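Consider the structure shown below.

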Amino acid sequence: MTCQQKLLDSVEECFDEDVRKLLSAEPTLEEVKAQVWGGHQTASPGTDSIILYFYRYFWDEVGTLLHRMIKENFQKKMRTKSQRTGLIIFGTKPKKCKSVKIKDKRRISLLNSDYKVDSGIATARLNKVATKGLSPNN
C-alpha cells in the first residue's frame, strides 16, 4: 500500500452519492441559461470577440446550440481549442496613462464567453456543496 493510499484511507468521505451525482451530471439547459443571465454581460470578449450579452440577446436562436456544445465538452472531457486559448493584454492603470513601465500596467485576461459559461456551471455546482468539502479553517 502506498503512502498516498494510506493517507486517503484515513480521510473521512465528505461527499455522499447525491453530491457526486450533482457534480458529475451533464450540464442542463437551465444551468447554461443561468450562467448567461448571471454573468457580466459586457465583460471583455475573448479571441472570438463575442460578449455574454450576445448569447442573452439571441438566446432563442443560439441557446440550444450553446447548450449542445457545452454538453459535448462535458462528454468528451475536453474544451474546444478556442476555449483553451486566452489572451493577456496590458492596459494602463488610472493616472498612469503616459507611463511605459510594465508595473504601471494591469493585466487583463481575455477568455471566450462560452468558456466562461461552461466553467461557471462547475463553479455554481461546487458553491452548493462547498461547506461539505472545504475546511472552515482556511
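Is Phe58 buried, partly exposed or exposed? Phe58 counts as partly exposed because its relative accessibility is 33%, where buried means under 20% relative accessible area, exposed over 50% and partly exposed in between (1.4 Å probe, protein chains only). This is a predicted model, in which local features need pLDDT of at least 70 and side-chain atom pairs count only at pLDDT 80 or more, while totals for chains, interfaces and linings use all residues. Residues are numbered from 1 along each chain as its sequence is written, and side-chain values use heavy atoms, with hydrogens and water left out.

Phe58 sits in the loop between helix 4 (52-57) and helix 5 (59-76); helices (H or I, at least four residues) and strands (E, at least two) are DSSP runs numbered from the N terminus. Rings of Phe, Tyr and Trp (its six-membered ring) pair if their centres lie within 6.5 Å; planes under 30 degrees apart count as stacked, over 60 as edge-to-face and the rest as tilted. The count comes to five aromatic pairs. Phe54 and Phe58 form a tilted pair, 5.1 Å centre to centre with 50° between the planes. Tyr57 and Phe58 form an edge-to-face pair at 4.9 Å and 80°. Tyr53, Phe54, Tyr55, Tyr57 and Phe58 form one aromatic cluster.

Met78 lies in the loop between helix 5 and strand 1 (87-92). Met78 is partly exposed, at 47%.

The structure holds zero disulfides, a disulfide being a pair of cysteine sulfur atoms within 2.5 Å. Cys3 is exposed at 68%, and Cys97 is exposed at 59%.
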